[in-house]
Amino acid sequence: MKRFAKLNMPVTDIKGLKTKKKSFMSLGTILRMLPALPKMPYYARQSAKEYGMRYKSELLQRLFENIIGPDYSATALVFTFATLASGDGGYPEGGSLSMALRMAKKFDILGGKIRYGMRVNTVSVRNGIADGVVVDGELLQSEAVIVTRDTLSAIDDLFDFPIREPWTERMRKVTKPLLNTFICLGIEVDLEGLPEKMGFVPMRPLMCGGKEEQVIKICNYAGYEGYAPKGCTAVTSAIIGDTYDYSKARKEDGTYEIEKEKLAKDFIKILSEKLPQTAEKTAVWDVATPLTYERYLGSFKGSWMTVATKEYKMEYYPSKPENIRNLYFAGQRLRAPGGLPVALDSGRRAVQFLCKDFGMVFGQSEKPPA
Ligand SMILES: Cc1cc2nc3c(=O)[nH]c(=O)nc-3n(C[C@H](O)[C@H](O)[C@H](O)COP(=O)(O)OP(=O)(O)OC[C@H]3O[C@@H](n4cnc5c(N)ncnc54)[C@H](O)[C@@H]3O)c2cc1C
């Protein structure tokens, strides 16, 4: 764990970039990372579940299987532990909404303009050059387009014709999307004093999306300022699993809302059996299914990361296609397992490619040539 805690995600510049400030890994950082490298193949060869099975205790087996999900390679498990142990596994203050608002504010300060509430129908491509986006039939022209919607769905849905290049075919073929159903409760009881994260085996499994969930994990936000009124607690639970087709079928047969309510009620009951102080105290609940994520994000099956299995061959997909100029891709899908670090780094890379193509200096404020 000590060795892995010294590993860093390299944030470097693309080749041939003009930049105000070069980014590179110092020799010291590389040397600190070296001791972990010989250990990596050992974890990469086994899944988190297989790693858990090396322990005799059933409790530990379940723990290792459920922290990041059973199918991830065990490397992701060790990275998660090491990140937390190093004290660098924090969360954004105020939650994801506050973080997004801070990013929007920064973009605004830099001179960017955000047009909210608009859904791009297609990216306009003329003579092999991206020249804007089409919204409600109107072309909004631009010198370049950076697509930050999930690349896996964008390559099929956001262009007049699907993008077919060797890397897009690979992405379609090998991606194992990570999906969840998210249950949120507002409980009229203060759960301060209980751990922030809890996992337990309920008396009977929770049925979620037609599958049995044997282990329930909850986040207890008691003590988090502003998450719930005084004396109350916000509690969430992410049930990992691909229930997209199940949810879609419920939508089509008209039982989607009933199914969501049943899930929430079953969950509330299971929670009250474990924590009796929560019984009859749930004031509000909400359930987000993969269809909810799909509606908000337009991502493939409503997924938000990629399962980096032991079979997965690590690859950073290109930030730009071969056959369309002035078009760039960024976002979690460009490198498994995705998540915020990849979303940020791939966004940075996309802008670097744009700067290089337009003869601009990265990190310096200037307009691209018309
Ligand atoms: C419960 C949960 C827990 C997570 N925990 C972690 C964690 O601990 N660590 C971590 O690193 N990651 C975590 N993630 C994953 C992380 O949130 C995502 O990987 C990340 O937010 C992806 O960012 P993105 O910018 O690539 O994509 P998105 O956040 O999906 O952004 C794409 C944006 O494009 C917009 N869009 C799509 N189509 C269109 C269109 N046609 N027109 C206009 N706009 C469009 C969408 O509305 C969306 O705002 C978690 C996710 C969930 C759901």
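**Exercise 1.** Determine whether serine 237 is buried or exposed, and find which residues it contacts.

*Solution.* Step 1: serine 237 has 1% relative accessibility, so it counts as buried (buried is under 20% relative accessible area, exposed over 50%, partly exposed in between, with a 1.4 Å probe and protein chains only). The model is predicted: local features need pLDDT of at least 70, side-chain atom pairs count only at pLDDT 80 or more, and totals for chains, interfaces and linings use all residues. Residues are numbered from 1 along each chain as its sequence is written, and side-chain values use heavy atoms, with hydrogens and water left out.

Step 2: serine 237 is found in strand β11 (residues 233-240); helices (H or I, at least four residues) and strands (E, at least two) are DSSP runs numbered from the N terminus.

Step 3: with neighbours within four places in sequence set aside, serine 237 contacts Thr181, Phe182, Ile183, Ile216, Lys217, Ile218 and Phe267 (contact means heavy atoms within 4.5 Å).

**Exercise 2.** Describe how helices α9 and α11 cross and which residues meet.

*Solution.* Step 1: the axes of α9 (residues 244-253) and α11 (residues 290-297) come within 8 Å and cross at roughly 90 degrees. Axes are lines fitted to C-alpha atoms, for helices over the stretch in contact, and angles run from 0 to 180 degrees between N-to-C directions.

Step 2: α9 and α11 are therefore roughly perpendicular (65 to 115 degrees; under 35 is roughly parallel, over 145 roughly antiparallel, the rest oblique).

Step 3: from α9, Tyr244, Ser247, Lys248 and Lys251 meet Pro290, Leu291 and Glu294 of α11.

**Exercise 3.** State which residues have the most contacts inside the largest nonpolar core, and which element gives the most to this core.

*Solution.* Step 1: a nonpolar core is a set of buried Ala, Val, Leu, Ile, Met, Phe, Trp, Tyr and Cys residues joined through side-chain atoms within 4.5 Å. The largest has 41 residues, and Tyr72, Val123, Val147, Phe159, Leu327 and Phe329 have the most contacts inside it.

Step 2: elements giving two or more residues to this core include α3 (48-52), α5 (74-85) and β14 (327-329). Of the elements, α5 gives the most, with five residues.

**Exercise 4.** Locate glutamine 332 and decide whether it is buried or exposed.

*Solution.* Step 1: glutamine 332 lies in the loop between β14 and α12 (339-357).

Step 2: its relative accessibility is 14%, so glutamine 332 counts as buried.
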